[in-house]
Amino acid sequence: MRTALCDLLGIDVPIVQAPIGSASVPALAAAVANAGGLGMLALTWTPPERIGEILAETRALTKRPVGVNLILAWDQEERLDAALAAGAKIVSLGWGDPSRLVGRVHDAGGKLLVTVGSAEEGRRMAEAGADAIVAQGWEAGGHVWGTVATMALVPAAVDAVAPVPVVAAGGVADGRGLAAALALGAAGAWIGTRFLLAEETPIHARYRARLLEADETETVYSELFDVGWPDAPHRALRNATIETWERAGRPAPGERPGEGETIATTAEGNPTLRYSSSLPLAGADGDIDALSLWSGQGVGLVDEIRPAAEIVARLMEQARQTLHELDARS
C-alpha cells in the first residue's frame, strides 16, 4: 500500500505517528519508524541545546526516517535551526504561518509538513512550499487547529492542494479509518490516540486506564486546559475538572473553581496546576484523573495496549482487509 506520502518521506506504509507532546519519546518514534511508518518527535518546548541529543538517541534506535514537530504559537527559529543542524530531514509545523521557515527547511535538504484546518489554508501552505499538508479534523485529540470535521475537510483539502499529498488527521484510530482516509484522497493518516496506548509511550497508568475505558462520546472540546498554552482549543477526556467547571457555569479564566491549585506533581517533583496544558506521564503523582487527558474521538476504537510495531502492522492489515472487502462488493 505505497502512496505518494511514502515516496515523499521514504517510508514503507502511509502511517504517521502524531507528535503527542511529551509522550513522543525516542523509543516510540523509533519503534514506529522501524515498523515502516513515520515516527515523530515533539520538540516545541525542548531546550534547543537538548535537541541534538534527542535526535542522536533516536538515531541510535532506528535508521529509518523520523520527523520533528514544532508549534508556531511560539518562536521556533532556534529550535528549528538546532534540529536541522542535528540532521532532521522531515519537519512538521503548525499553529501559525510557516512561510518564513520553508526555505530554511528546504535549504537543509528537508521536507516540510504543515498542519491546516481548512482547504483554503491548505492551498496557501502548498503555494508557500509545503511538501505535504496535514488536514486536521475537529475530531482530533489534544490541541485542535480548525473546526471542520475530518470527513469534510480531507477531500476538500485534497482538491485544493493537488498534487501535493494530504495526510488525514483526526479520528483515525484503526485500519478502517486509514482505509477511509485513502478513499477520501489522502495519501496517509496521522494517528495520535492509538499510539498513546503503545507500550513504548510513557504515559501514566491511570491515563492509560481512562483511555481504555472511554468511548467516542467521552471527549470534550474546549479551551479549558490553558495554563501554559492559552487560547488554544483542544479535545480531552471528560473528567472532574471539566464537570466542576461546567457546573459553575463555564466561568472565564480567573474565575474558575480551583484555579491556581496544585493537583499533581511530575516525576521530577514539579507542581502541576489545575487547568494545566500538560500530559500526565509515568511517575506523576496526585489527582491524575483531574489533569488534561488528551484524546480524540477515535478513543472508542482503542481497547488494548500493544507494542508500536504491532499497532502499525494491525492498522495496515485491517486497512488492506477493508479495501479488499470494498473491492469485492463492487
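Which residues are linked in a network of salt bridges? Glu77, Asp81, Arg100 and Arg104 form this network, a salt bridge being a side-chain nitrogen of Lys or Arg within 4 Å of a carboxyl oxygen of Asp or Glu. The model is predicted, and local features need pLDDT of at least 70, side-chain atom pairs count only at pLDDT 80 or more, and totals for chains, interfaces and linings use all residues. Residues are numbered from 1 along each chain as its sequence is written, and side-chain values use heavy atoms, with hydrogens and water left out.

By the rule for salt bridges, the count comes to 20. One of them joins arginine 104 to aspartate 81, with 3.2 Å between the closest N and O atoms. This pair links distant parts of the chain, since arginine 104 lies in helix 5 (residues 99-107) and aspartate 81 in helix 4 (residues 77-85), 23 residues apart. Helices (H or I, at least four residues) and strands (E, at least two) are DSSP runs, numbered from the N terminus. Arginine 104 is partly exposed, at a relative accessible area of 27%, and aspartate 81 is partly exposed at 37%. Here buried means under 20% relative accessible area, exposed over 50%, and partly exposed in between (1.4 Å probe, protein chains only).

A salt bridge also connects arginine 314 and glutamate 317, at 3.7 Å from N to O. The two residues are 3 residues apart in helix 12 (residues 308-329), and are therefore separated by about one helical turn. Arginine 314 is partly exposed, with a relative accessible area of 40%, as is glutamate 317, with 46%.

Helix 12 itself has 22 residues and reaches 32 Å from its first C-alpha to its last, close to the 32 Å expected at 1.5 Å a residue; the expected span is 1.5 Å times one less than the number of residues. Its buried residues are Ala308, Ile311, Val312, Leu315, Met316, Gln318, Ala319 and Thr322. They are on the same side of helix 12 because they cover an arc of only 165 degrees around the axis, the arc being that of the directions from the helix axis to the C-beta atoms. His324, Asp327 and Ala328, on the other side of helix 12, are exposed. The buried residues pack against strand 1 (15-17), helix 2 (26-34), helix 8 (175-183), strand 9 (188-191) and helix 9 (193-196).

A nonpolar core is a set of buried Ala, Val, Leu, Ile, Met, Phe, Trp, Tyr and Cys residues joined through side-chain atoms within 4.5 Å. In the largest nonpolar core, of 57 residues, Leu5, Ile15, Trp190, Phe195, Leu196, Tyr207 and Leu211 touch the most other members. Helix 12 gives the most to this core, with 6 residues. A second, separate core has 39 residues, including Leu41, Val66, Ala86 and Ala135. Beyond its neighbours within four places in sequence, leucine 196 is in contact (heavy atoms within 4.5 Å) with residues including Ile20, Ala23, Leu279 and Trp294.

The structure holds 7 aromatic pairs. Rings of Phe, Tyr and Trp (its six-membered ring) pair if their centres lie within 6.5 Å; planes under 30 degrees apart count as stacked, over 60 as edge-to-face and the rest as tilted. Tryptophan 45 and tryptophan 74 form an edge-to-face pair, 5.4 Å centre to centre with 70 degrees between the planes. Both belong to one aromatic cluster, formed by Trp45, Trp74, Trp95, Trp145 and Trp229.
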